[in-house]
Amino acid sequence: MEPEVRRILGKDLAAYLELLRAKMAYAEELYGVKINYVPLVTEGEIVVLDGNDGKIKWLRTKRPLTPREFEALADRIRKNLESGFVETLLSMNMSCVNVPGE
């Protein structure tokens, strides 16, 4: 995780973002479906965590957030992570996958 993400979100939430990347990789192994992005902010312009490189990006342009943009959105990202909203979005995607036996 990039140093400014650790500085702005704190060590615990930055570590949680790494855990989300691991969950994305696990879903790929288990279900065979690649999950490239997990939404972090869904109101207005969508901001995602890129599972491939771990960067936080604008979904529309795939451009990483600048430090200034990240600082402006940090409270919304923190709120969505702490409330379980991001985890819910990730688990909703996994439940849409047909697993063996279905």
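This is a predicted model: local features need pLDDT of at least 70, side-chain atom pairs count only at pLDDT 80 or more; totals for chains, interfaces and linings use all residues.
Visitor: Is Asp50 buried or exposed?

Guide: The cut-off for buried is under 20% relative accessible area, and Asp50, at 3% relative accessibility, therefore counts as buried.

Visitor: Which residues is Asp50 in contact with, once its neighbours within four places in sequence are left aside?

Guide: Asp50 is then in contact with Arg21, Asn36, Tyr37, Lys55 and Lys57, and the side chains of Asp50 and Lys57 are joined by a polar contact of 2.8 Å.

Visitor: How should I read the largest nonpolar core, and which residues have the most contacts inside it?

Guide: As a general idea, nonpolar side chains in soluble globular proteins tend to be buried together. Here the largest nonpolar core has 25 residues, and those with the most contacts inside it are Leu9, Leu17, Leu40, Ile56, Phe70, Ile77 and Leu81. At least two residues of this core come from each of H1, H2, S1, S2, S3, H3 and H4, with H2 giving the most, namely six. Taking Ile77 as one case, and leaving aside its neighbours within four places in sequence, this residue is in contact with Leu9, Leu40, Val41, Ile56 and Phe70.

Visitor: At what angle do H2 and H3 pack?

Guide: The angle is about 65 degrees, with the axes 11 Å apart, and H2 passes H3 in a left-handed crossing. Leu13, Tyr16, Leu17 and Leu20 of H2 make the contact with Arg78, Leu81 and Glu82 of H3; the residues of this contact comprise five nonpolar, no polar and two charged.

Notes
Residues are numbered from 1 along each chain as its sequence is written. Side-chain values use heavy atoms; hydrogens and water are left out. A nonpolar core is a set of buried Ala, Val, Leu, Ile, Met, Phe, Trp, Tyr and Cys residues joined through side-chain atoms within 4.5 Å. Buried means under 20% relative accessible area, exposed over 50%, partly exposed in between (1.4 Å probe, protein chains only). Helices (H or I, at least four residues) and strands (E, at least two) are DSSP runs, numbered from the N terminus. Contact means heavy atoms within 4.5 Å. Axes are lines fitted to C-alpha atoms, for helices over the stretch in contact, and angles run from 0 to 180 degrees between N-to-C directions. A crossing is left-handed if the near helix is turned anticlockwise from the far one by less than a right angle, and right-handed if clockwise. Ala, Val, Leu, Ile, Met, Phe, Trp, Tyr, Cys and Pro count as nonpolar, Asp, Glu, Lys and Arg as charged, and the others, Gly among them, as polar. A polar contact is a pair of N or O atoms within 3.5 Å; within protein, one must be able to donate a hydrogen and the other to accept it, and residues adjacent in sequence count only if both atoms are side-chain atoms.
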